[in-house]
Amino acid sequence: MKDKFSDIKKEIQLIIDNIALNNISQASILLTKVGEDLDYMLDISKDEAELIEISKYQVLLNHLQIKMSTKNN
(Lines give C-alpha, C1' and ligand atoms only; values in the text may rest on other atoms or scores of the structure.)
Protein backbone atom coordinates (compact mmCIF):
# COMPACT_ATOMS: atom_id res chain seq x y z
CA MET A 1 0.00 0.00 0.00
CA LYS A 2 2.98 2.31 0.58
CA ASP A 3 3.75 2.27 -3.16
CA LYS A 4 0.16 3.20 -3.89
CA PHE A 5 0.42 6.27 -1.64
CA SER A 6 3.58 7.21 -3.50
CA ASP A 7 1.65 7.03 -6.79
CA ILE A 8 -1.19 9.05 -5.28
CA LYS A 9 1.26 11.77 -4.17
CA LYS A 10 2.73 11.99 -7.68
CA GLU A 11 -0.70 12.20 -9.28
CA ILE A 12 -1.83 14.90 -6.84
CA GLN A 13 1.29 16.89 -7.69
CA LEU A 14 0.34 16.59 -11.36
CA ILE A 15 -3.12 17.93 -10.51
CA ILE A 16 -1.56 20.89 -8.69
CA ASP A 17 0.82 21.52 -11.60
CA ASN A 18 -2.06 21.47 -14.09
CA ILE A 19 -4.06 23.89 -11.96
CA ALA A 20 -1.07 26.23 -11.81
CA LEU A 21 -0.76 26.05 -15.59
CA ASN A 22 -4.49 26.76 -15.87
CA ASN A 23 -5.01 23.39 -17.56
CA ILE A 24 -8.20 22.76 -15.63
CA SER A 25 -9.59 20.05 -17.92
CA GLN A 26 -6.52 17.83 -17.48
CA ALA A 27 -6.48 18.52 -13.74
CA SER A 28 -10.14 17.53 -13.54
CA ILE A 29 -9.51 14.24 -15.34
CA LEU A 30 -6.63 13.40 -13.01
CA LEU A 31 -8.65 14.43 -9.96
CA THR A 32 -11.45 12.06 -10.95
CA LYS A 33 -9.00 9.20 -11.46
CA VAL A 34 -7.26 9.77 -8.12
CA GLY A 35 -10.62 10.07 -6.38
CA GLU A 36 -11.70 6.72 -7.81
CA ASP A 37 -8.39 5.16 -6.74
CA LEU A 38 -8.85 6.49 -3.21
CA ASP A 39 -12.43 5.21 -3.08
CA TYR A 40 -11.23 1.77 -4.12
CA MET A 41 -8.45 1.85 -1.51
CA LEU A 42 -11.01 2.90 1.10
CA ASP A 43 -13.21 -0.06 0.18
CA ILE A 44 -10.48 -2.68 0.49
CA SER A 45 -8.47 -1.29 3.40
CA LYS A 46 -8.95 -2.63 6.89
CA ASP A 47 -5.99 -0.93 8.58
CA GLU A 48 -6.99 2.14 10.59
CA ALA A 49 -3.75 4.00 9.80
CA GLU A 50 -4.33 3.49 6.07
CA LEU A 51 -7.92 4.67 6.38
CA ILE A 52 -6.73 7.84 8.09
CA GLU A 53 -4.13 8.43 5.37
CA ILE A 54 -6.72 7.87 2.63
CA SER A 55 -9.09 10.35 4.26
CA LYS A 56 -6.32 12.99 4.33
CA TYR A 57 -5.89 12.64 0.59
CA GLN A 58 -9.65 12.81 0.07
CA VAL A 59 -9.77 16.11 1.96
CA LEU A 60 -6.92 17.42 -0.19
CA LEU A 61 -8.77 16.40 -3.35
CA ASN A 62 -11.87 18.23 -2.11
CA HIS A 63 -9.81 21.39 -1.63
CA LEU A 64 -8.31 21.03 -5.09
CA GLN A 65 -11.80 20.58 -6.56
CA ILE A 66 -12.89 23.82 -4.88
CA LYS A 67 -9.79 25.58 -6.19
CA MET A 68 -10.50 24.38 -9.72
CA SER A 69 -14.13 25.49 -9.56
CA THR A 70 -13.08 29.00 -8.47
CA LYS A 71 -10.53 29.18 -11.29
CA ASN A 72 -13.24 28.34 -13.82
CA ASN A 73 -15.23 31.44 -12.85
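Lys4 and Asp37 form a salt bridge, with their closest N and O atoms 3.9 Å apart. Because Lys4 lies in helix H1 and Asp37 in helix H2, this pair ties together parts that are 33 residues apart in sequence. Lys4 counts as partly exposed, at 30% relative accessibility, whereas Asp37 is buried, with a relative accessible area of 17%. Please keep in mind that this is a predicted model.

Glu11 also has a partner: a salt bridge joins Glu11 to Lys33, the closest N and O atoms being 2.9 Å apart. Here too distant parts of the chain are linked, with Glu11 in helix H1 and Lys33 in helix H2, 22 residues apart. Glu11 is buried at 16% relative accessible area, while Lys33 is partly exposed at 36%.

## A pair within helix H3

The structure holds 4 salt bridges. One of them pairs Lys56 with Glu53, whose closest N and O atoms are 4.0 Å apart. Lys56 and Glu53 sit 3 residues apart in helix H3 (residues 48-72), so about one helical turn separates them. Lys56 counts as exposed, at 51% relative accessibility, and Glu53 is partly exposed, at 27%. Elsewhere, salt bridges that share partners join Lys4, Glu11, Lys33 and Asp37 into one network.

What is buried in H2? The buried residues are Ile24, Ala27, Leu30, Leu31, Val34, Gly35, Asp37, Leu38 and Met41. Seen down the axis of H2, they fall within an arc of 165°, so they line one face of the helix. On the other side of H2, the exposed residues are Ser25, Ile29, Glu36, Tyr40 and Asp43.

How values were computed: Residues numbered from 1 in each chain as written. Predicted model: local features only at pLDDT ≥ 70, side-chain atom pairs only at ≥ 80, totals over all residues. Heavy atoms only, no water. Buried < 20%, exposed > 50% of the residue type's maximum accessible area, 1.4 Å probe, protein only. Helix = DSSP H or I, 4+ residues; strand = E, 2+ residues; numbered from the N terminus. Arc of directions from axis to C-beta. Salt bridge = Lys/Arg side-chain N within 4 Å of Asp/Glu carboxyl O.
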